[in-house]
Structure formats: C-alpha cells, structure tokens
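Colleague: Could you walk me through a model and show me how to read its features?

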Amino acid sequence: MDWQSWLIGIVGRALAFGTPLLWGTLGEIYAERAGVVNLGVEGMMVLGAFSAFAVAQSTGHPGLGILVAALVGGGAALIHAFLTVTLRANQYVSGLALTMFGLGLAGLLGRGWEGIPLKQPLPSVTVPGLSKIPLLGPMLFEDQSILTYIGLVLAVVLWLLLYRTRWGIVLRSVGESPATADALGVNVFLVRYLAVILGGVLAGVAGGYLSVEYRPSWTEGMTAGMGWIVIALTIFAGWDPLQAIWGSLFFGALYHLSYRLQAWLPPELLKLMPYAFAILVLAIAGLSGRRRGAPGALGVPYTRGEK
Amino acid sequence: MLVMRDIVKTFPGVVANDHVSLEVQAGEIHALLGENGAGKTTLMNILYGLYRPDSGEIYVKGKRVHIRSPRDAIAHGIGMVHQHFKLVRPHTVAENVALGLAGTPFWQPARVVERGLKELSERYGLPVDPRARVWQLSAGEQQRVEILKALYRGAEILILDEPTSVLTPQETAELFKVLLHMKQEGHAVIFITHKLSEVMEVADRVTVMRRGKVVGTLPTAETDKGSLARMMVGREVVFRLSKGECRPGEEALVVEDLHALSDRGIPALRGVSFTVRRGEILGIAGVAGNGQRELVEVITGLRRAQRGRIIVLGKDLTNRSARRIADAGVAHIPEERLRMGIVPGMSIEDNLILKKHHRPPFSRGPLLQLRKVHAFAKRVIEEYDIMTPSPRTPAKLLSGGNIQRLILARELSGQPGLVVAAHPTYGLDVGATEQIRQLLIKQRDSGVGVLLVSEDLEEIMALSDRIAVMFRGEIMGIVSASEAKIEEIGLMMAGERRQQEQPS
Amino acid sequence: MRRVGPFILERRRAPSRAVVIGVSVLAVLAALLIMAIIFAGYGVNPWHAYATIGKSTLGSRYGLMEILRRTIPLLLCGVGLVIAFRAQFWNIGAEGQLLAGAVAATGVALYSGIPGPWLLPAMFGAGFLAGAVWGIIPAFLKVKLRVNDVITTLMMNYIMIYIVDWLIHGPWKGPTMRGFAYTDIFPKAAWLPTLPLSRVHWPTLVIGVAAAILAALILNRTRLGYEIRVVGESEGAARYAGINFLRVSLAVMILSGGLAGLAGVGEVAGIHHRLLSPTQVSMGYGYTAIIVAWLARGSPGVAIVTSLFFGLIFAAGDVIKTVLRMPFQVTGVFNGLILFFLIGVEPLMYWRVRLLPKGERWTGKAGSSGS
C-alpha cells in the first residue's frame with residue numbers, strides 16, 4: 001500500500017467518521033452560545049440513531065429516518081430546555097439525566113431490532129467531475145455521504161449566522177449576558193429554547209447518520225461515547241462553528257486509525273485512543289487559554305432580577 | 001409626559017413600593033432621591049418593564065399603558081441606563097446598540113448602526129468609537145454607550161440609575177452637560193441618586209423616597225440640602241464622626257514599586273508605592289477600574305505581583321499565599337461581600353471562623369473544635385450587633401448590613417495589625433454605614449493600620465488621615481486629608497499628577 | 001409573589017427538611033407513574049408488574065438479599081460522590097474508578113503472591129489506591145488547567161472500560177478459560193465471605209456503612225470537611241479564605257475515587273471471583289450512584305437510604321427481566337426519569353402555595369399575575 005492510498009483512506013474515512021461529530025458539535029455550540037450546556041448529547045444521539053433505523057427499516061426510506069431522528073433529537077432537547085430554562089434546574093444534572101434516559105429508552109425500544117442489517121441505507125455519493133481530481137478527488141469527493149457535505153455547508157452557514165447577522169448578535173448576547181439582552185426586549189427564554197432544540201435536532205441527525213449510513217444497523221449503545229467527544233470538541237473549537245470542522249476531522253481520523261492500526265496494537269487499546277485524546281486536547285486547550293472563549297453566562301440559569 | 005400612580009410592589013417580607021406616585025414633565029430633569037433600599041430602583045424597574053407592579057397605573061403622554069417587558073417600555077419611548085451597565089462586554093459598541101433593535105437589516109446590522117451612531121454622537125456630544133469592544137472602554141465611555149443605546153431607540157424618557165457613581169468629578173460635569181442638552185431637546189430625564197449636591201446642581205424637581213414611600217416632590221429652587229437630607233433619612237442627620245487625632249506609629253504596610261496584571265492580562269498596577277502606618281487610615285480614592293481592586297488583591301495574596309515588594313508589619317509577604325498573609329495579621333474586608341466575604345449557604349457560625357478555622361482554638365489537629373466555635377460565635381454576634389435568629393442560620397438570609405457586620409466581626413476580632421477595607425459601606429443604609437465607619441475608626445485609634453479603598457469621595461474625606469489617588473494603575477499623589485481640596489483630588493482622579501510628592 | 005387562580009405562590013428562601021423529603025418522594029412517585037405507563041405500553045398490567053416486583057424483592061429472603069448485594073457498590077460509590085458533590089466536583093467517573101479498583105484487586109489476587117490472610121486486605125488497599133489514582137488525574141487537570149471535570153471523569157470511564165477489555169482479552173486472559181474473555185478464578189483466599197445462601201459479601205457492606213459514617217464525620221467535624229464545604233459553596237470565598245484548591249480537590253477525589261475502587265474490589269472478590277467484561281463487573285453502578293448521591297442531598301447518612309432504594313431498583317430490574325420478560329434497560333429509563341423529576345420538582349421547594357381568602361379567590365383574571 002503506497003502513501004497516496006493511505007492518505008486517501010485516512011482523510012476520506014476521517015470525513016465519514018467525523019460527520020456525526022461535526023453535526024453534534026455544531027448543535028452543542030449553538031446551545032452553549034445561548035448559555036445552556038447540554039450534557040445529553042449522547043442520549044439525544046442514541047435516540048436519533050434508534051429512531052432513524054426503526055423508521056428507515058419499516059418504511060424503506062432512509063431519508064425519512066434521518067428526518068424523524070432530527071425530530072426525536074429536538075423533542076429530547078425540549079425536555080432539557082424545559083428543565084433548565086423554565087425550571088432553572090442544574091444543567092449538568094439535567095443533561096446527565098437525558099443521557100441516562102436516552103440510552104435506557106433506546107435500549108428498551110431497540111431490543112427487537114438489534115443486529116439486523118438495514119435493507120436500504122442512505123446511498124453514498126460521488127461528486128461527478130470533482131472526484132476525478134487526482135488525490136483530492138478520491139479523498140474528498142468519492143463515496144461520501146450527502147450528510148457529510150450538508151454538515152460542512154451547515155458549519156459555514158452557522159458561522160455566518162453567528163457572526164454576521166442580527167440573529168447572531170441576539171444569540172451571542174443571550175449567552176454572554178442575558179440580563180442585557182432582556183433589558184433590550186429580547187426574549188431570553190425563547191432564544192435559549194430554540195438554541196437547545198436546534199442542538200437536539202443536529203444531535204439527532206448525527207445519531208441517524210450512524211445507524212442508516214455509517215453502520216447501517218442498530219446496536220444498543222452504538223454511539224459509544226461520541227456524545228461526550230462532542231462536548232469536548234465544543235470546548236476545543238472555542239465555540240466556533242468553523243473550528244468545529246477541524247476538530248471533527250481530527251477525531252474522525254483518530255476513530256479511523258483505531259481500526260487501521262490493529263495490525264500493530266491490540267484493538268481494545270486503540271479504541272480508547274479518542275477518549276484519551278479528548279482529555280489531552282482539553283488539557284492543551286486549558287494551557288493555551290482557549291477556554292476564554294466560553295460564553296460568559298454558560299451554565300447559569302437566567303432569572304430576571306425579581307427577588 | 002409621564003405619570004405613575006399608586007404603584008405597589010411587594011417582595012417577600014418587604015413592601016418595596018407602597019402606593020408610589022410620580023409625575024415627570026417633558027424638558028425636565030427630575031431627581032429621584034433616597035437612601036439605598038428606599039425603592040427608587042424598584043420603581044424604575046417597574047417603569048422599564050423589568051418588574052410587574054402588584055397594582056397601580058402608568059400613563060405616558062396622557063395615555064394609560066401596560067408595560068409588561070422592556071420591549072413595551074422601549075416602544076413607549078422609555079430608555080434606562082442601569083447602575084451596573086447592561087452591556088455585552090466582548091461585543092463591539094455597534095453590536096451592543098444593534099442588539100434587539102427593530103428595523104435593522106438581517107445581514108450585518110452593525111454596519112448600519114455604525115452610521116447612525118456617528119450622527120447621534122455628534123448631536124449630543126457623546127463621542128465613542130462604534131467599533132471598539134466594550135471591555136476596552138472606560139466606565140465613562142461605557143455609560144455613553146448606554147445613553148446612545150437608549151437614544152438610538154428613540155427614548156424620550158431617559159432613566160439614569162446612580163449615573164455618577166463610576167465617574168470622576170470632571171466626567172460628572174460632562175454628563176450633566178449632556179443631560180442639559182437632552183432637556184433642551186425636550187426629553188424627560190429621571191435621575192436616581194442619593195447624592196444631595198447632584199440633585200441641587202442639575203435637577204429641576206426632586207421626588208424624595210423613603211422606605212418604599214414618596215415623602216414629597218418639590219422644585220429644587222425651593223429647597224436646600226438640609227431639608228432634603230431630613231426628608232430622605234427621616235431625622236436630623238449629623239455626619240459627625242468621633243475621630244481623635246492621628247497618632248501614626250510604626251509601618252503597618254509598605255508597598256514598593258508594585259506591578260501586577262489584571263484578569264485580562266494587561267498591566268493594572270504600574271509601580272505603586274506607599275506606606276500605611278499603625279494608627280492611621282490611608283484612603284485610596286479613584287474612579288472604579290483604575291487598579292484599586294488589583295491593589296487590594298495583591299496585598300491580600302489573591303493576585304500575583306509581577307514586580308515590587310509588600311512588607312506587612314515588618315515581614316516581606318510579597319506573593320505569599322492568602323492564608324499566610326491572613327495569618328500574619330492582615331484583615332480583609334472584601335469588595336464583593338456575597339461572592340467572597342461570606343459563604344452564603346453556610347451558617348453564621350461557620351462563616352465566623354472562615355480564615356481562622358485551621359488554627360487553634362477552632363481546630364486541633366484535623367478536628368474542628370465545635371464547642372469553641374459556638375462560644376466564639378455567641379460572643380461576637382452580641383459584640384458586633386449581628387441581628388439573627390440563631391448562630392446556625394445560613395448567612396445568605398441576613399440583610400446587607402448584618403452580612404457586613406458578620407464580616408467585620410470575623411476580620412476585626414482577631415486583633416489584626418493591618419485592615420484592608422474595600423468599599424466597606426457600599427450599598428448599606430445610613431445606620432449600618434455609620435456603625436461600620438465607627439468600627440474602622442476604633443481600629444485606627446487602637447493602633448491598627450487601615451487601608452481604605454472607596455469610590456465614595458465623601459467617605460474617603462471623612463475617614464482618612466491621608467488620601468492617595470489612583471489613576472490607571474499609578475498613584476497620582478498623596479495628600480493629607482485635612483489639607484485636601486475636592487477639586488484637587490478630582491483632577492488627580494482624572495489623571496493629573498500632583499507636583500510634589502508629600503513624604504509620608 | 002404570584003397569583004395563579006385561587007392560589008398565591010410565595011417565594012421561600014430556605015426549605016425545611018420536611019419539604020425536601022416530601023418533594024423528593026413526590027419525584028419518585030412521579031417517575032413510578034410514568035413507568036406504569038411504560039409497563040402498560042409493553043402490555044404488562046402495571047399493578048401486576050409492581051405487585052410482582054414487590055413480591056419478588058421485598059417479599060422474599062432471596063429478594064431482600066439481592067437488594068443488599070446491589071446496595072453495596074451503590075453505597076460505596078454514592079458516599080464517594082456525596083463528598084465530591086459537596087465540593088462541587090462533578091465526578092461522573094465512579095464507574096471507571098470502580099473498574100480500576102476491580103483491576104487492582106484482580107492483579108493482587110492473581111499475581112502478587114501475597115499469602116492467605118493478607119490477600120484480601122491487600123486487595124482492598126490496592127483497590128482503594130487504584131480508584132484514587134483514577135480520580136486524582138481529573139482533579140489535577142481541573143485545578144491546574146481548568147479542564148472541565150465532567151468530561152474528564154467521563155472519558156476516564158471509557159478508557160478504563162477498554163483497559164479492562166484489553167486485559168481480559170490479552171495479558172490476563174485465563175489459560176484455563178478456553179475461549180472466554182475472563183481471567184482465571186481467584187484463589188479461595190481472595191474470596192470474600194457471604195451471608196449464607198446469598199451473594200451479600202458482608203465485609204464490603206460493613207465497609208460501606210463505615211464509610212458513610214466516616215464521611216459524615218469528615219464533612220461536619222474536621223478541617224478538611226469544612227474546607228470541602230467552603231469550596232463547594234463558594235469558590236470566591238474559598239479563594240478569599242486562602243484555602244488550597246489543589247489540596248482539597250485531591251483529597252476529595254482520593255476519597256471519592258478510592259471508595260468507588262473499594263466497590264470494585266467487592267464486586268470481583270465477593271461475586272464474580274475473577275475479572276470479566278466491564279459491563280458484567282459493574283452494570284452502571286457508577287452512574288446510578290450519581291442519583292444516589294443527588295437524592296441524598298449532600299448527606300452521607302442519607303446515602304445509606306438512597307442506595308438501598310436503588311439497590312431495590314436494580315433487584316427489580318432482574319425481576320423485570322426474568323419474570324416479566326421485559327428488557328433490563330427499563331431501569332435505565334427509570335433512572336433517567338427519576339433524575340428528571342428530582343430536578344424538575346426542585347423549584348417547588350422554594351415556593352409556598354397558599355389559598356387566597358374566600359372573598360378574593362375568583363376575582364381578577366386567573367393565571368395572570370395581578371397588574
């Protein structure tokens with residue numbers, strides 16, 4: 001095997017593996033930009049994965065599966081929004097509860113669906129023309145998921161929305177200083193609800209991608225901690241949608257390498273690599289002071305000054 | 001222009017506004033005068049839609065209005081500049097103005113706002129760079145942004161809550177010029193304050209509030225400071241502090257060429273030197289944000305000095321831990337009472353041994369001596385007049401004055417050699433303020449060195465034996481309090497260096 | 001104060017103990033109610049389900065013993081988490097710390113050559129140490145580099161899961177176990193005694209109860225406990241008071257991780273007598289212990305009660321699987337639900353509901369605050 005096919009393989013697969021991470025991270029970035037940490041990503045992803053598979057399998061339409069996954073993810077996030085925004089519950093505990101609930105519910109409902117290959121997975125695409133470019137073509141434009149491309153475009157769109165538009169100012173202000181936004185007539189609760197729900201929708205799609213595209217089947221707990229990697233990536237990306245692309249690619253590559261290197265190292269040890277790297281990456285982020293990009297009111301429930 | 005009638009607002013256990021009525025005309029500056037906790041800010045928060053009144057009516061330009069949120073208030077031409085600025089600090093000035101602004105384009109709204117801001121700035125004499133980020137601006141500039149924000153939204157009624165507390169005397173004069181200009185343009189300005197001199201200087205009429213009720217409304221031309229003070233406090237006020245002559249002893253604190261960074265990593269202290277002797281109070285005056293906070297933190301071990309020396313009671317304690325410094329006899333009355341001074345969820349008892357819990361008699365080996373803690377708590381609660389149902393009550397349930405008494409009880413009961421007091425009476429009512437000032441003077445008279453940091457010039461003038469003025473991390477000059485003139489201190493607060501340094 | 005229909009809602013500042021207990025029980029009942037709906041959705045009559053569960057757990061000696069054996073790891077992990085949560089340290093890593101303890105115990109049991117009577121104490125010692133080590137890594141990262149503790153402790157779980165997997169598939173795979181991914185069986189000297197005809201390894205239970213009492217003493221009677229409480233209640237005040245964050249965090253995580261490590265020792269030495277797949281060693285005790293601790297609201301003594309309750313839930317999970325033929329995951333759903341309700345009802349504790357006097361009850365608009 002020459003270096004070219006190695007590189008093609010790694011970048012191509014890093015994209016494929018990085019796609020769910022990218023979707024999830026984009027969603028969490030938006031939720032946290034509004035000031036709400038959602039540790040329930042893992043739960044929303046796994047619910048998305050199961051519902052997408054169940055719908056795709058029973059209807060034969062993988063696209064419909066993804067759509068339902070998005071709705072289910074958004075619905076799960078709604079619970080979190082209600083608890084943390086309306087009832088001002090502890091965001092960490094609510095997120096953990098959502099993860100426990102999601103993993104439990106998906107496991108419960110998914111009993112009968114386990115281990116069956118999906119009849120009709122989401123087809124992968126090869127971009128005509130572009131795929132003929134030497135090296136770059138097969139690396140980026142061959143045999144990829146449409147969701148990969150949508151995810152990349154989404155990252156750019158969400159970045160523009162955040163930094164160049166009226167909505168972006170509102171969203172960032174709500175996360176930085178909700179009292180300021182409130183005093184100018186911004187509906188802080190509504191913005192936080194919408195951001196958290198968007199986060200859930202994207203996490204749902206991320207899960208759906210796993211079960212109807214990446215590994216077209218359903219196994220219990222198939223997200224295997226990806227939701228937590230997403231939380232780490234959000235910090236590492238400095239809450240910036242464009243940076244999320246690089247982070248997701250890097251971790252996608254790590255996941256891929258954990259299969260690629262099995263000839264040399266025991267597979268179990270390779271599998272722990274992404275998690276160890278997540279800690280490492282956060283330590284680096286801590287050293288380099290990247291945490292300073294954190295929204296000012298992150299994790300703090302908003303109460304209007306009434307005593 | 002504006003009528004508020006019979007406004008009632010209750011919080012648990014307090015009637016913040018008890019049938020309050022207020023009438024403000026177009027083209028007038030109307031002062032709302034009262035002590036802390038008199039209900040001024042509550043009333044204005046109701047007008048601005050942040051609170052809902054329990055009952056009462058509001059009329060704007062003769063029409064009954066229901067203000068349910070700031071959005072409604074803005075729509076009725078009401079703008080408010082809060083005492084603690086409501087600005088998004090990492091954002092630019094233009095972004096702050098554009099936030100939630102109706103009628104701006106979806107794409108790049110800040111650009112359009114920048115153009116409008118320029119025009120408004122010129123018209124009202126409020127210069128500010130629309131592209132600057134708020135955290136880079138001085139307090140005075142941030143206040144201009146707040147006023148511009150309200151004007152950009154077409155505010156005809158502008159509420160300013162304690163606007164001068166963060167300004168130098170010169171900046172205050174500038175602000176008053178702007179307010180007069182606005183008055184001429186037909187705006188109504190409501191000006192919340194507790195400073196009598198400001199009322200007399202700039203307001204046309206004044207409404208005085210006390211304990212949630214209106215005491216009266218009258219034109220400033222027909223009154224004077226004395227009668228306003230009586231109305232405000234409800235009794236004859238004599239600002240009499242029994243203060244003996246200063247008998248300075250040995251050096252309690254020597255600060256030499258101190259340098260330190262702020263939280264954002266920019267220099268906050270740039271070569272500060274001074275001495276506090278036992279038996280004297282050195283007051284540090286200055287506008288907020290000129291390094292006072294950092295100075296206090298470096299002295300008490302909460303921030304690293306980059307350069308320079310701190311010698312406390314003869315010992316070099318530069319960059320020692322907060323615990324070492326406290327153990328060496330430094331008492332610290334912190335600026336942020338609730339965030340630092342107490343542990344809100346813990347009992348008064350537990351709070352009284354904070355900083356002392358690790359030493360005898362409260363601790364032996366790894367164990368706490370709970371019986372000794374009880375006895376100590378009982379004693380000082382009485383001695384310092386802390387009003388509480390029980391020593392086990394969580395500290396967060398105490399009133400502001402009692403929280404400060406708790407902190408003083410803890411800090412002063414250990415016989416310190418140096419007391420560092422930051423804004424010790426900020427936000428307290430007249431009674432508590434007087435008591436706390438007396439306590440500080442008692443410390444001084446018993447031979448303790450006191451470093452007093454305050455933005456309240458009156459307080460600095462009344463308590464200090466010598467006054468040092470800080471500006472941008474440097475000491476502009478140190479003057480003896482008996483010879484100090486307020487104009488001179490004001491000039492130093494604005495950055496003018498005093499010609500000859502007075503030897504201490 | 002807010003008016004809702006004929007009621008007045010008033011803020012209260014400090015809820016009484018009775019209110020806290022009442023509201024917590026309310027949360028549990030609400031979760032049970034939703035579970036009833038899930039049972040019904042599965043075609044199982046909820047009454048029948050709860051009756052069966054009650055009979056097979058609380059109603060028989062075997063059932064009671066099963067509750068106890070499930071309680072042991074929950075209690076040890078839960079007490080540890082109570083300590084961590086008191087310091088506002090979000091230790092979500094009890095699962096990994098438990099496994100670390102199990103690994104260390106296995107290493108000592110199989111490879112140390114320590115003679116008979118010293119073997120078990122050595123295993124507990126090693127288990128505590130391993131759990132503590134697994135706990136202090138996040139503590140260092142949090143204090144020194146401000147790395148979020150939730151994420152690191154969680155990642156450490158996954159890392160330990162794969163380490164266990166690797167050990168039982170690779171270097172520690174028992175030669176006598178043929179194709180299975182187990183270690184060899186421990187020598188008998190490494191087996192914990194159990195109560196007759198049960199799997200209750202009582203020495204670990206005793207350690208757990210002792211740990212709860214000791215933790216209560218530490219928190220309320222010692223300098224360390226005082227500093228833990230200050231750090232947890234107010235970071236600013238702790239800094240102001242010159243409390244050393246690193247020292248407190250390390251102490252907290254040594255205790256928290258160490259206790260979880262002891263739970264791991266108990267599981268392998270008391271029940272499995274070998275190291276096997278991580279999901280069999282623990283079944284999520286470390287995660288459930290989070291709820292045990294949250295429900296205990298900072299009191300190690302109360303953790304004894306709450307861990308018994310979740311021991312019951314686990315035992316019920318077994319019944320649900322074997323008798324009702326529903327998946328064990330039901331317990332996961334229940335855990336999530338109960339946590340949702342627990343934090344959801346929390347605001348209730350800060351409101352006092354009062355009926356308006358008769359004359360005023362139906363005046364004005366219902367559902368709006370007076371204006």
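Modeller: Gladly; we will go through domains, a sheet, a helix and some contacts. This is a predicted model, in which local features need pLDDT of at least 70 and side-chain atom pairs count only at pLDDT 80 or more, while totals for chains, interfaces and linings use all residues. Residues are numbered from 1 along each chain as its sequence is written, and chains are lettered from A and ligands numbered from 1 in the order in which they are written.

Colleague: Into which domains is chain B divided?

Modeller: Domain bounds come from an automatic or database domain assignment. Chain B has domain 1 (1-77 + 156-237), domain 2 (89-154), domain 3 (262-329 + 416-504) and domain 4 (343-398 + 406-415). Between the C-alpha centres of domain 2 and domain 3 of chain B there are 35 Å.

Colleague: What is the order of the strands in the open sheet of chain B?

Modeller: Helices (H or I, at least four residues) and strands (E, at least two) are DSSP runs, numbered from the N terminus. Two strands pair if DSSP finds at least two bridges between them. In chain B, six strands form an open sheet in the order E16-E19-E20-E13-E21-E22, and the pairing is mixed. Its edges are strand E16 (330-333) and strand E22 (474-480) of chain B, each pairing on one side only. On average, neighbouring strands of the sheet are turned by 15 degrees against each other, direction ignored. As for one pair, strands E13 (residues 281-285) and E20 (residues 449-453) of chain B run in the parallel sense over four bridges. Ile284(B) has Val453(B) in E20(B) as its bridge partner.

Colleague: Which strands does helix H9 of chain B touch?

Modeller: Contact means that the C-beta atoms of two residues, placed from the backbone, lie within 7 Å. For angles, axes are lines fitted to C-alpha atoms, for helices over the stretch in contact, and the values run from 0 to 180 degrees between N-to-C directions. H9 (residues 292-299) of chain B packs on the sheet and touches E13, E19 (418-422), E20 and E21 (466-471) of chain B, with its direction at about 150 degrees to that of E19(B). Helix H14 (residues 400-412) of chain B also packs there, touching E16 and E19 of chain B, at about 175 degrees to the direction of E16(B).

Colleague: How many residues of H9(B) are buried?

Modeller: A residue is buried if 20 or more other C-beta atoms lie within 10 Å of its own, exposed if 12 or fewer, and partly exposed in between, with C-beta atoms placed from the backbone. In H9(B), eight of the eight residues are buried, among them Arg293(B) and Leu295(B). Gly301(B), with a positive phi near 85 degrees, follows H9(B).

Colleague: How many helices and strands are there in chain C?

Modeller: Chain C has 14 helices and three strands. Its radius of gyration, taken over C-alpha atoms, is 23 Å, close to the 21 Å that the globule rule (2.2 Å times the number of residues to the power 0.38) gives for 371 residues, so chain C is as compact as a globular protein of that length. Of those 371 residues, 53% count as buried.

Colleague: How many residues of chain A are in contact with chain C?

Modeller: On the chain A side there are 40 residues, in contact with 37 residues of chain C. H4(A) gives the most to that side, with 13 residues.
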